[in-house]
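Student: Can we go through this structure together? I'd like to know how to read it.

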Amino acid sequence: MAPPSPPAHAARRVPPPCWTPEETVALARAYTARRLAVGRAHLSSADWAAVAAAATPSKTARQCRHKVEKLRRRLRSKRRRPCPILDGIDLLDDPSSSPSRSHSPSPPPPASPLPPSPSPPKKRKRPDPDEEGYAGESDVVQAVRAIGEGFVRAELRRMEAARESQRMRMEMALRHLDAQQRLLEGLVGRIVDALE
């Protein structure tokens with residue numbers, strides 16, 4: 001008799017495949033179109049199934065809903081980094097968030113290829129650390145440098161204190177061993193005297 005197979009829910013979960021930029025843009029377009037079709041109301045599970053079918057056949061409605069929620073969080077974030085994919089997406093979150101949007105529904109954005117990828121950042125020449133004062137440093141750089149040097153000094157003091165503490169422990173251990181040796185010698189001396 002063969003051992004029973006583990007239940008399907010106990011199987012190891014495999015992470016969903018990553019979203020490509022093309023799938024992300026297609027999802028945003030499908031979501032925006034569906035949201036406009038239902039009058040900017042919340043989407044039902046049937047609506048999410050339609051979004052998933054329109055966006056990409058390889059993703060489920062649940063995956064699409066989670067991806068849109070993640071995109072909406074990233075778009076609303078105050079400290080978000082520039083991203084060509086996100087910059088081209090309008091998920092109709094808040095019509096009052098942008099002065100260019102009107103309160104009336106607008107047609108979905110036209111289909112266009114992905115936005116051009118940004119050019120690589122230009123490398124800046126580092127100042128020579130041997131120069132006095134690092135000419136041209138901003139106040140922020142100088143402040144960060146001062147904080148870093150403060151951390152280094154504090155770490156050096158902490159390491160010195162740890163060395164001193166270890167040295168004191170070793171001295172105490174040697175004194176303790178010396179006291180035990182004297183006690184043992186005294187005890188052996190009394191035993192020898194008692195036997196004589």
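Tutor: We'll start with the whole chain, then turn to its core and its helix contacts. Keep in mind that this is a predicted model.

Student: OK. How many helices and strands does the chain have?

Tutor: It has 5 helices and 0 strands. From the N terminus on, the order is α-α-α-α-α.

Student: What share of the residues is buried?

Tutor: The chain has 196 residues, and 16% of them count as buried.

Student: And the accessible surface, how much is there?

Tutor: About 16,200 Å² for the chain. Carbon and sulfur atoms hold 60% of that surface.

Student: Which residues make up the largest nonpolar core?

Tutor: There are 11 residues in it. They are W19, L27, A30, Y31, L43, W48, V51, A52, A55, C64 and V68.

Student: Which helices supply at least two residues each?

Tutor: Three of them do: α1 (21-37), α2 (45-55) and α3 (61-76). The most comes from α2, which gives 4 residues.

Student: Why would residues like that sit together?

Tutor: In soluble globular proteins, nonpolar side chains tend to be buried together.

Student: Let's pick one. What does W48 touch, apart from its close neighbours in sequence?

Tutor: Setting aside neighbours within four places in sequence, W48 contacts Y31, L43, A61, C64, R65 and V68.

Student: V68 again. Where is V68 found?

Tutor: In helix α3.

Student: Is V68 buried or exposed?

Tutor: Buried. Its relative accessibility is 1%, and buried means under 20%, so V68 qualifies.

Student: How far apart are V68 and L27?

Tutor: In sequence, 41 residues. In space, their C-alpha atoms are 7.8 Å apart.

Student: Now the helices. At what angle do α2 and α3 pack?

Tutor: At about 90°, with the axes 8 Å apart. An angle from 65 to 115 degrees counts as roughly perpendicular, so that is the word for α2 and α3.

Student: Which residues make that contact?

Tutor: From α2, they are W48, A49 and A52. From α3, they are A61, C64, R65 and V68.

Student: What about α1 and α3, how do their axes cross?

Tutor: Their axes cross at roughly 90° and come within 11 Å. So α1 and α3 are roughly perpendicular to each other.

Student: Which residues meet there?

Tutor: T24, L27 and Y31 of α1 meet C64, K67, V68, L71 and R72 of α3. Those residues divide into 5 nonpolar, 1 polar and 2 charged.

Student: Switching topic: where is E23?

Tutor: E23 is in helix α1.

Student: Buried or exposed?

Tutor: E23 is buried. Its relative accessible area is 16%, and the cut-off for buried is under 20%, so E23 falls on the buried side.

Student: What is E23 in contact with, beyond its neighbours within four places?

Tutor: C18, T56, S58 and K59.

Student: And how far is E23 from A55?

Tutor: They are 32 residues apart in sequence. C-alpha to C-alpha, the distance is 6.8 Å.

Student: Last one. For contacts with a separation of 6 or more, what share joins residues 24 or more positions apart?

Tutor: The share is 55%.

Technical notes. Residues numbered from 1 in each chain as written. Predicted model: local features only at pLDDT ≥ 70, side-chain atom pairs only at ≥ 80, totals over all residues. Heavy atoms only, no water. Core = buried A, V, L, I, M, F, W, Y, C linked by side-chain atoms within 4.5 Å. Buried < 20%, exposed > 50% of the residue type's maximum accessible area, 1.4 Å probe, protein only. Contact = heavy atoms within 4.5 Å. Areas by Shrake-Rupley, 256 points an atom, 1.4 Å probe, with all protein chains shown as cover. Axes fitted to C-alpha atoms, helices over the stretch in contact; angles between N-to-C directions. Parallel < 35°, antiparallel > 145°, perpendicular 65-115°, else oblique. Nonpolar A, V, L, I, M, F, W, Y, C, P; charged D, E, K, R; others polar.
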